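Have a look at the fold first, then read on.

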Amino acid sequence: MRPEETFDFQIRKSWISLSKMYNDVVQPYGITKAVGFALLNIDVKKGTPSTALGPKMGMESTSLSRVLKSMETQGWITREANPADKRSVLIKLTEEGLKKRTISRKAVIDFNNAVLSEVSDEERKVFFQTLEKIQSVSADIRSIHEDSDK
């Protein structure tokens, strides 16, 4: 089997293409794909606990720490004590962070609309169903390997 015939290859190739496209689109505004993704995952009104942000984004805590530090340095977020749980910190967007979030959100919506203009409703449904199956298979395989490690 040639690499381009595997699901893994096609998913990684698409993800790399998406990453490059998003970085190119938001770079003129001083945003990276990772920062844009973080901006989109922070609750605009209440903020988001820092401990919830990593899992929400599928990002390791060390990588997330670097992204948050960069965003804080830029003045796009603040860290505040969580009134519901003093042990955790809420990440909140500043006014400038809200502006950067709007730019990131527009990039995602523009891409989504461009794809929708090329893909039929049926193709979209099949695509999402296929991705759900792929996610399920990968979770099953992870579970098998976790069990075999015990």
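Two residues are in contact here when they have heavy atoms within 4.5 Å. Helices (H or I, at least four residues) and strands (E, at least two) are DSSP runs, numbered from the N terminus. This is a predicted model, where local features need pLDDT of at least 70 and side-chain atom pairs count only at pLDDT 80 or more, while totals for chains, interfaces and linings use all residues. Residues are numbered from 1 along each chain as its sequence is written, and side-chain values use heavy atoms, leaving out hydrogens and water.

On to the fold. The protein has 6 helices and 3 strands, and they run α-α-β-α-α-β-β-α-α along the sequence. Among contacts between residues at least 6 apart in sequence, 49% join residues at least 24 apart. Of the 150 residues, 21% are buried; that label means under 20% relative accessible area, with exposed over 50% and partly exposed in between (1.4 Å probe, protein chains only).

Is glutamine 74 buried or partly exposed? It is partly exposed, at a relative accessible area of 47%. Glycine 30 is 44 residues away from glutamine 74 in sequence, and their C-alpha atoms are 9.4 Å apart.

A pocket is an open set of points on a 1 Å grid over the protein atoms alone where a 1.4 Å probe fits, with protein on both sides within 12 Å along at least five of seven lines; lining residues have an atom within 4 Å of a point. Of its 37 lining residues, Trp15, Leu18, Phe111, Phe127 and Leu131 are the closest to the centre. Helix 1 (7-26), helix 2 (33-40), helix 5 (95-116) and helix 6 (121-148) each give two or more residues to the lining.

| Class | Members of the class | Lining residues |
|---|---|---|
| Nonpolar | Ala, Val, Leu, Ile, Met, Phe, Trp, Tyr, Cys, Pro | 22 residues |
| Polar | the others, Gly among them | 11 residues |
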